[in-house]
Amino acid sequence: MTTENNIPRGQLLLRTLAMPADTNANGDIFGGWIMSQLDLAGAILAKEISGGRVVTVSVESIAFKAPVSVGDVVCCYGECSRIGNTSMSVALEVWVKPVAIDGVGERYRVCEATFNYVAINSEGRPRPIRKA
Ligand SMILES: CCCCCCCCCCCCCCCC(=O)SCCNC(=O)CCNC(=O)[C@H](O)C(C)(C)COP(=O)(O)OP(=O)(O)OC[C@H]1O[C@@H](n2cnc3c(N)ncnc32)[C@H](O)[C@@H]1OP(=O)(O)O
């Protein structure tokens with residue numbers, strides 16, 4: 001995934017704050033927590049695109065580029081990169097804005113990923129996505 005001009009790819013889907021309870025044994029933010037935020041962000045977009053219920057079917061790729069610290073503002077951006085019959089792929093990026101006692105720093109990208117979602121019906125079975 002390429003990001004030109006240091007600008008996040010896609011729209012802002014989710015913004016939250018990294019808290020002490022989300023740390024790993026090194027004191028950085030746990031990668032599983034970051035994945036969870038990405039899953040929510042991607043699901044919001046997938047739900048909007050498919051106009052209904054979705055499930056995550058796979059994580060195609062994920063790369064952690066830099067650690068996240070307690071107090072960082074965590075922003076998940078994304079865009080749909082593929083729409084199939086019942087499934088879709090969402091290209092996601094996590095950017096953080098470091099917030100220190102002396103002010104707010106420049107934002108930078110910490111993670112890139114692609115999550116796959118399937119639109120489902122009320123029985124939990126795949127349903128076709130109507131393409132615009
Ligand atoms: C309106 C706005 C309001 C916003 C408001 C926000 C609300 C924000 C809600 C947040 C919501 C939280 C969202 C959390 C998301 C979970 O946590 S979901 C929980 C974890 N996931 C699950 O439990 C899913 C369990 N898996 C399943 O139920 C079934 O495997 C599935 C996904 C329904 C698929 O069933 P299946 O029989 O395997 O289906 P099959 O016909 O073989 O394949 C269907 C499609 O999936 C694709 N597929 C199958 N396996 C894979 C794979 N491994 N990789 C990629 N694609 C695959 C197939 O290629 C096919 O694609 P298409 O060619 O149709 O495009």
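Predicted model: local features only at pLDDT ≥ 70, side-chain atom pairs only at ≥ 80, totals over all residues.
Residues are numbered from 1 along each chain as its sequence is written, and side-chain values use heavy atoms, with hydrogens and water left out.

Let me start with the ligand. There are 19 residues around the ligand, and those that come nearest are Ser58, Asn85, Thr86, Ser87 and Arg125; a residue is near a molecule or strand if one of its heavy atoms lies within 4 Å of it. Serine 58 places a polar side-chain atom 2.8 Å from a nitrogen atom of the ligand, whereas for serine 87 a polar side-chain atom lies 2.6 Å from an oxygen atom of the ligand. Arginine 125, in turn, has a polar side-chain atom 2.8 Å from an oxygen atom of the ligand. The ligand taken alone exposes 1400 Å², of which the protein buries 49%, and accessible areas here come from the Shrake-Rupley method with a 1.4 Å probe, where for residues only the protein chains shown count as cover.

Which elements supply this shell? Helix 1 (31–50), strand 2 (54–64) and strand 7 (108–119) each supply at least two residues of the shell around the ligand, and helix 1 gives the most, with 5 residues. Helices (H or I, at least four residues) and strands (E, at least two) are DSSP runs, numbered from the N terminus.

A nonpolar core is a set of buried Ala, Val, Leu, Ile, Met, Phe, Trp, Tyr and Cys residues joined through side-chain atoms within 4.5 Å, and buried means under 20% relative accessible area, with exposed over 50% and partly exposed in between (1.4 Å probe, protein chains only). Isoleucine 34, leaving aside its neighbours within four places in sequence, is in contact (heavy atoms within 4.5 Å) with Ile29, Phe64, Val68, Val94 and Cys111.

Now let us look at strand 7 itself. Phenylalanine 115 has its place in strand 7, and this residue counts as buried because its relative accessibility is 2%. Not counting residues up to four places away in sequence, phenylalanine 115 touches, among others, Met35, Leu38, Asp39 and Leu92.

Asparagine 116 is also found in strand 7. Is asparagine 116 buried or exposed? Asparagine 116 counts as buried, because its relative accessibility is 8%. A polar contact of 3.1 Å joins its side chain to that of glutamate 60, where a polar contact is a pair of N or O atoms within 3.5 Å; within protein, one must be able to donate a hydrogen and the other to accept it, and residues adjacent in sequence count only if both atoms are side-chain atoms.

Finally, valine 118 lies in strand 7 and counts as buried because its relative accessibility is 12%. Leaving aside its neighbours within four places in sequence, valine 118 is in contact with residues including Thr86, Ser87 and Pro126. By contrast, valine 118 and glutamate 93 are 25 residues apart in sequence and 20 Å apart in space, C-alpha to C-alpha.
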